[in-house]
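This briefing covers part of one protein fold. Please keep the sequence and the model in view while reading.

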Amino acid sequence: MKRLRVGFVPLVDAANVIVAARCGFAEAEGLELELSRERSWASVRDKLSVGYLDAAHVLSPMLVASHLQLPNFSSPLMAPTMLSLDGNEVTLSSRLTDLCSGILGYTPKEPADWGRGIAHVIKEGHQRGGTPLTFACVFPYSSHAFLLRDWLATAGVDPNRDVNITVLPPVMMADALGEGSVDGFCAGPPWGRLAEEHGAGRVAFRAVQMQKMVPEKALAMRMTDPLRDAETVPNLVRAIIRASRWIADEDNADSLFAMLSERDCVGVAPQTIRSAVDRSGMQLFGDNVLRPDPAHAKWISDEMERWLQVDTTPLEQRNAMFRNDLFDEALNTLA
């Protein structure tokens, strides 16, 4: 039995990793997964880079950042399987949602309508000399950061000048919104739903209302890691595929949400997780969802260039980041 320490951030889209470890799918492949609940993506990055973690649930753009050797990325990463597509949500404070609704004369449902409301709020704030709005995302290199900027820019708001965009760990988002230190945030489930339950704000819209099939989370490991032997990676990928098929079975939903609600997993009530998953648009299962696609690297790098995070992003290494060959090898040998 080979033991691997696998990190995750407490989000619903860590489900495949958690289920693989807790429901015997990893053990059936000769692996013992020691799960490590991490507070932030920076922690995942650092522990994966130095070898404290053998593999981890990561933001897909972290793969590209690692190959570009962006600050604090010291080890190139690769992903033999995805863990999720889509699922992010933009949550706004109660004060901001009321301002937008008052300006528009109705409560918006679509991203463009919310954007028009936000643009008016920002314009009026500028005229009064008020403090700029602050929005939080989970990491500088993330689909969350790209979504926020794309949405604001479409509304005529310059995300680099007209607002402040800060970084917070997902577990801090709802509290920060309630305390008034941020006016809105973009995060995956269940943190928007939790903010609603606490009366701090409301989920304004889902990322899938803007774009679908966005690469969200992947299972990453260092390219030079010794665990990449002839057996370990295919075994780990097969465990994830088996876990995803278990998740796909609706008869397992109650067990899944109860498992994720445990303190050492996501740590919020099962009904909160269920509600968040039901409406987020997150995709956790299906071979087409889990199969890495080198095209993910192009979408990510295009967003990085658009928002001036990098000058240029050569894509020669994209096949080394999103390893569909390793996924296919594991899938083809799945009993």
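The model is predicted: local features need pLDDT of at least 70, side-chain atom pairs count only at pLDDT 80 or more, and totals for chains, interfaces and linings use all residues. Residues are numbered from 1 along each chain as its sequence is written, and side-chain values use heavy atoms, with hydrogens and water left out.

**Sheet**
- Five strands make an open sheet of mixed pairing, ordered S2-S1-S3-S10-S4; strands are DSSP runs of E with at least two residues, helices runs of H or I with at least four, numbered from the N terminus.
- S2 (31-37) and S4 are the edge strands, each pairing on one side only; two strands pair if DSSP finds at least two bridges between them.
- From one strand to the next, the twist averages 30°.
- S1 (residues 2-8) pairs with S3 in the parallel sense over two bridges, and Val 6 stands opposite Ala 55 in S3.

**Helices H4 and H14**
- H4 packs with H14 (residues 295-306) at about 75°, with the axes 9 Å apart; axes are lines fitted to C-alpha atoms, for helices over the stretch in contact, and angles run from 0 to 180 degrees between N-to-C directions.
- The two helices H4 and H14 are therefore roughly perpendicular (65 to 115 degrees).
- The contact (heavy atoms within 4.5 Å) involves Ser 60, Pro 61, Val 64 and Ala 65 of H4 with Ala 297, Ile 300 and Met 304 of H14.

Key. Angles under 35 degrees count as roughly parallel, over 145 as roughly antiparallel, 65 to 115 as roughly perpendicular and the rest as oblique.
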